[in-house]
Amino acid sequence: MNLVRTICPYCGTGCGLLLRVVDGTAVATYPDREHPVARGHLCIKGWTAHEFIHHPDRLTSPLVKKGDSFKEISWDDAIKLAMDQLLGIAGKYGGDAVGGLSSAKCTNEENYLFQKMIRAGFHTNNVDHCARL
Ligand code: SF4
């Protein structure tokens, strides 16, 4: 058994937790009593933080919709497709026609870069974060 100290991925509160790892698989979540935010407490979402890691339904690669089904594509192709579509919409209708929603599962630095890309790249303030939704 191994306890891995990490941060809950579910919201921007950022509670500290410990993942119990057995043979490379996360099997349980415990609150981190030494963490300055959680102080030994987690909400119900935090207690289940280990459950999605190895879930068979977890998406691990980008999907693009083709008709009624989804096709797996590479990250490079997914990023290019998204940028081509967003730039096309912004070029035709203006920057305010697009927007971005970021994630509490990203780091502060990633969220900063994301809002910078939306504001500076598309000239719009249509950017927000899932913790406010
Ligand atoms: S344990 Fe609950 S409150 Fe804490 S970060 Fe996770 S989801 Fe947010």
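The domain assignment, whose bounds come from an automatic or database source, divides the chain of this predicted model into domain 1 (2-47) and domain 2 (63-132). The centres of domain 1 and domain 2, taken over C-alpha atoms, are separated by 29 Å. Residues are numbered from 1 along each chain as its sequence is written. Because the model is predicted, local features need pLDDT of at least 70 and side-chain atom pairs count only at pLDDT 80 or more, whereas totals for chains, interfaces and linings use all residues.

Strand β1 (residues 2-7) pairs with strand β2 (residues 16-22) in the antiparallel sense over six bridges, where strands are DSSP runs of E with at least two residues, helices are runs of H or I with at least four, and both are numbered from the N terminus; pairing requires at least two DSSP bridges between two strands. Within this pair, Asn2 stands opposite Val21 in β2. Of the six residues of β1, the count that is buried (20 or more other C-beta atoms within 10 Å of the residue's own, with C-beta atoms placed from the backbone) is zero.

The shell around the ligand consists of Cys8, Tyr10, Cys11, Thr13, Gly14, Cys15, Leu42, Cys43, Lys45 and Gly46, a residue being near if its C-beta atom, placed from the backbone, lies within 6 Å of the molecule. This shell divides into six nonpolar, three polar and one charged residue, where Ala, Val, Leu, Ile, Met, Phe, Trp, Tyr, Cys and Pro count as nonpolar, Asp, Glu, Lys and Arg as charged, and the others, Gly among them, as polar.

Ile53 lies in the loop between α1 (44-47) and β4 (63-66). Ile53 counts as partly exposed because it has 13 C-beta neighbours inside 10 Å, which falls between the limits for buried and for exposed (12 or fewer). The C-alpha atoms of Ile53 and Val64, eleven residues apart along the chain, are separated by 22 Å.
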